[in-house]
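Open the model in your viewer and keep the selection panel at hand. The tour goes stop by stop.

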Amino acid sequence: MFPTPIEKQPRAAQLTYQAFLPLALLLWLLPLIAVMIFSIKPGADFGNANYWGWPSSFEGFTNYGKVFLESQMPRYLLNSVLITVPTVIGCIALSAMTGFALGIYRFRANLWIFFMFVAGNFVPFQILMVPVRDLTLDLGLYNTKTGLVLFHIAFQTGFCTLFMRNFIRQLPFELIEAARVEGVAEWRIFWFVVLPLMKPALAALSVLVFTFIWNDYFWAVVLTQGAESQPVTAGITSFNAQYRAAYHLMSAGSIVAALPPVAMFFLMQKHFIAGLTLGAVK
Amino acid sequence: MTQAALPQSTVRKSWWRRNQIAITPYLFLAPGVLFFAVYVIIPIFQSFGISLQDWDGLGQPTYVGFENYRELGNDPAFYTSLKNNVWWLLLYLLAIPAGLGIALFLNQTVTGIRIYKSLFFFPFVISQVVVGLVFTWFYDPAFGLLNVMLGWFGAGPINVLGDPRYVTFGIILAGLWPQTAYCMILYLTGLNAVNPEQIEAGRLDNAKGWRMLWHIVLPQLKPATFIAFVVTIIGALRSFDLISIMTQGGPFGSSRVLSFYMFEVALSEYGFRMGYGAAIAVVLFLIMLCFIAYFLFSMYREERR
């Protein structure tokens, strides 16, 4: 193990390490902790320039209550869910199929198609912006959740294909050959043999795509406009415009907007990290 | 009756049987490739086309040849954005050594270390919009924690986001926060897989600290470093959210990067100049293309092995 395990170090070093750990974490999360403190302060504290002192009263419930009851926030959150969940399902379905095709079969265009997905996945969004916006307008889907979902599915399929294909490559190929000898149809091999083995990849990608899409801001601004279709990342800016200089509410709103992917991460940590490392670091 | 029907069906079945393996991959690829082509591949080429036009997004586009690119050459805002993009690319790479440093710091087995690892990773999971807001307040000249802390040392106050000299670096620092967390998790996973026998062998040969890191550990972390490099470069060139949230490109356009300037030209109140925007996007794309070519080449070499 590198670096040398701390248990093998002198006692003094161990204690220093133990003490340093929480301190380092505190420093690392400092900007975030500040926002959390803001979100439980009463608005009056900001008027009295009591920014960093002890909150004059605990107003956590009032502030978060206002976010949920008196603003458009619940609506934006719902929009985010309605955009994120279909996208996850759609691109997992598409990329399980493309990944299967590219991972199992040998045919001439295989590597080219694979590289097309990979390359497309790295492209800067801006080169797609004008044509995609135009296409969405032409389809009559501008400022709808569907328009946003369709684009997200298409774009995330690139990344997911890369992931799925590499994952399928690592499965024992003998299984598929055995099934073929038995005369099992190819689509049945996909459905009954390969798909059950891909569960870890499906889980990892679901969590990852969920986070990516939930946190997307650029496309939300390009393809949607109002509270009826905008996700929470874009909604938070109008929320902030509504509560300009009400830092306690803006902080509470930001935390609410950030929470779902955080919850997702803590619940599905193992899958999340497996997804991030792309399976390339085994 | 049955005899008449049977041969026919076996003929059809055997045709499908014979060609099943050749056809199936295309059937499985069709929906994904179709979607990807319509929304990603074709738009790239369309953007090239639009960059040769003068178009407000609504009326008839007029073909103007390379006029947009000529205008770019004389546009000081374009050069500011380009210069900032270079800063982003260079400084964003600091996330890699910083991530490695934190990973080494956390690669221990004391009690509760798993929670520490998750909490250090935290910033990456939060949306960049929230990161932007958090840092905007952190930098705030009136009440931001940064200036409170500078005050302890008798320095400041600095208005980081209001000063053209510091603004880009302030935003890059905000971006480094989640990016470092990402690199950290890549290295933590990589460190898990480092061969303990080689480490022990190195210890016997009296390799310690830096030499051990450089000669024995880092070579084994190469796959992690490659991914960290790829995602950091892409992240640097995609930087849009933070700039949009923290400064809107200001003050006086001094924190623009190509991705933000393109958006501003094409879709903001300054007017809908789709052609000019597309030309900026093409430049950004060409910069990215150098890296994409390198990534693909590396992956291609891996595939061949």
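What follows is a list of selections, with what to look for at each.

This is a predicted model, in which local features need pLDDT of at least 70, side-chain atom pairs count only at pLDDT 80 or more, and totals for chains, interfaces and linings use all residues. Residues are numbered from 1 along each chain as its sequence is written, while chains are lettered from A and ligands numbered from 1 in the order in which they are written.

**Stop 1: the two chains**

Colour by chain. In all, 75 residues of chain A are in contact with 81 residues of chain B (contact: C-beta atoms, placed from the backbone, within 7 Å). Now select residues 110–122 of chain A. This is helix 6, which gives the most to the side of chain A that touches chain B, with nine residues. Helices here are DSSP runs of H or I, at least four residues long, numbered from the N terminus. That side of chain A has 59 nonpolar, 14 polar and two charged residues. Nonpolar covers Ala, Val, Leu, Ile, Met, Phe, Trp, Tyr, Cys and Pro; charged covers Asp, Glu, Lys and Arg; the others, Gly among them, are polar.

**Stop 2: a helix pair across the chains**

Axes are lines fitted to C-alpha atoms, for helices over the stretch in contact, and angles run from 0 to 180 degrees between N-to-C directions.

**Stop 3: a helix pair within chain B**

Select residues 95–106 and 222–238 of chain B. These are helix 4 and helix 11, packed at an angle of about 135° with their axes 10 Å apart. Helix 4 of chain B is therefore oblique to helix 11 of chain B. Their contact is made by A95(B), I96(B) and G99(B) of helix 4 and T225(B), A228(B), F229(B) and T232(B) of helix 11.

**Stop 4: the core**

Pick M184(B), Y187(B), I280(B) and L284(B). Of the 162 residues in the largest nonpolar core, these touch the most other members. Such a core is a set of buried Ala, Val, Leu, Ile, Met, Phe, Trp, Tyr and Cys residues joined through C-beta atoms within 7 Å. Helix 8 of chain B (residues 167–192) gives the most to this core, with 15 residues. Centre on M184(B): leaving aside residues up to four places away in sequence, M184(B) touches G99(B), I102(B), A103(B), F120(B) and F121(B).

**Stop 5: T168(B)**

Stay on helix 8 of chain B, where T168(B) is placed. T168(B) is buried, with 22 other C-beta atoms within 10 Å. The cut-offs within 10 Å are 20 or more other C-beta atoms for buried, 12 or fewer for exposed, and partly exposed in between. Beyond four places in sequence, T168(B) touches N84(B), W87(B) and S255(B).

**Stop 6: a loop in chain B**

Finish at the loop between helix 12 (241–246) and helix 13 (258–267) of chain B, where Q248(B) is found. F252(B) lies in that loop too. Phi of Q248(B) is near 55°, a positive value in a residue other than glycine. Phi of F252(B) is also near 55°. Q248(B) is partly exposed, with 14 other C-beta atoms within 10 Å; F252(B) is exposed, with 11.

Methods
Helix = DSSP H or I, 4+ residues; strand = E, 2+ residues; numbered from the N terminus. Parallel < 35°, antiparallel > 145°, perpendicular 65-115°, else oblique. Contact = placed C-beta atoms within 7 Å.
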